[in-house]
Amino acid sequence: MTLTPVPSASVDRERPSFADRRPSADRSSSTHTQSGAAGFREFIEEIEPKLRRALVGQYGAELGRVAALEALSWAWENWERVKPMQNPVGYLYRVGQTATRRLRVRPIPTPRRSHTPSVDQAAELLDPALVRAINRLPDQQRRVVLLVKAFGWSQQSVADLLEVA
């Protein structure tokens, strides 16, 4: 399935705003006060289209919409922190950016090697006991061992890729 870019004007007409999808204050079971929910609704009606357009422009229609919803959900959960901010839209844009990091699929870079052995050469080099031992490792440890020892990656590159310290 391929996704085609959607112009931002049609995005606004086709999709209801975030504020329309939130439960009204009298139906909400949240602990926010009625005036807090009303203030949040006004805030959302003002900033949601701008925030969504900015994130859709940066990350594409699908990922941008999800990032905007993540940012606005965060704002709802942390409304008391967001309310006094000087630039809440900028902060929520950053929240949306952070959400895209979790959602994006990043390609695994291929290491540069001067000589890569053929499949036959690799089969001759591997001891069957080593293969069994590697297969017994937990997934993440197996990935680290293979990337560092078999593909020649640095430990720092593997840590960055797997997002571990």
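Is P49 buried, partly exposed or exposed? P49 counts as partly exposed, at 21% relative accessibility. Buried means under 20% relative accessible area, exposed over 50%, and partly exposed in between, with a 1.4 Å probe and protein chains only.

Now, the ground rules. This is a predicted model, where local features need pLDDT of at least 70 and side-chain atom pairs count only at pLDDT 80 or more, while totals for chains, interfaces and linings use all residues. Residues are numbered from 1 along each chain as its sequence is written, and side-chain values use heavy atoms, leaving out hydrogens and water.

Confidence next. pLDDT is the predictor's confidence in each residue, from 0 to 100. The chain's mean is 75, and 66% of its residues reach 70 or more.

Back to P49. It sits in helix α3. Helices are DSSP runs of H or I, at least four residues, numbered from the N terminus.

E48 is buried, at 2%.

Now the rings. Rings of Phe, Tyr and Trp (its six-membered ring) pair if their centres lie within 6.5 Å; planes under 30 degrees apart are stacked, over 60 edge-to-face, the rest tilted. The structure holds five such pairs. One is F40 with F43: tilted, 6.4 Å centre to centre, 40° between planes. F40 is buried at 3%. F40 also pairs edge-to-face with W79, at 5.1 Å and 80°. That pair links distant parts of the chain, helix α3 and helix α5.

Notes:
Helices (H or I, at least four residues) and strands (E, at least two) are DSSP runs, numbered from the N terminus.
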